[in-house]
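Here is a short report on one protein model. Look over the sequence and the structure, then read on.

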Amino acid sequence: MSEEENLIHTFYNAFQKNDYATMQSCYHKEATFSDPAFQNLNSKEVKSMWQMLITSARDLRIEFSDVRFDGRFGYCYWQAYYTFSRTGRFVHNRIH
């Protein structure tokens, strides 16, 4: 397993354990993050995002698979299962 694939495993294993500190340690000091809910975050903001999400989660369950590194980018398939607190509705996110 490459160093990059090991880092991806470390991140998602920590995610499964609600260990935001380990997740935060996986980020480079110049990392950025953007998705539809959290746009254009810098490294400090990304780390805060994970802490907020993990500490507010009540029934979060994470699964991940297909970890790989192509020499430039790291990839995996992951799924999140949780209840959305504002509506009480169950959510199942599938993410590549």
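Contact means that heavy atoms lie within 4.5 Å. Buried means under 20% relative accessible area, with a 1.4 Å probe and protein chains only. Helices (H or I, at least four residues) and strands (E, at least two) are DSSP runs, numbered from the N terminus.

## About the model

This is a predicted model: local features need pLDDT of at least 70, side-chain atom pairs count only at pLDDT 80 or more, and totals for chains, interfaces and linings use all residues. Residues are numbered from 1 along each chain as its sequence is written, and side-chain values use heavy atoms, without hydrogens and water.

## Helix α1

Helix α1 has 14 residues. From first C-alpha to last, α1 reaches 20 Å, close to the 20 Å expected at 1.5 Å a residue. That expected span is 1.5 Å times one less than the number of residues.

Which residues of α1 are buried? They are Glu-5, Ile-8, Phe-11, Tyr-12, Ala-14 and Phe-15. Their cover includes α2 (20-25), α3, β3 and β4. After α1 comes Asn-18, with a positive phi near 60°.

Strands β3 (residues 61-69) and β4 (residues 74-83) pair in the antiparallel sense over seven bridges. Pairing requires at least two bridges found by DSSP. Phe-69 has Gly-74 in β4 as its bridge partner.

Four residues separate β3 and β4 in this hairpin. In the turn, Gly-71 has a positive phi of about 100°.

Key:
Buried < 20%, exposed > 50% of the residue type's maximum accessible area, 1.4 Å probe, protein only.
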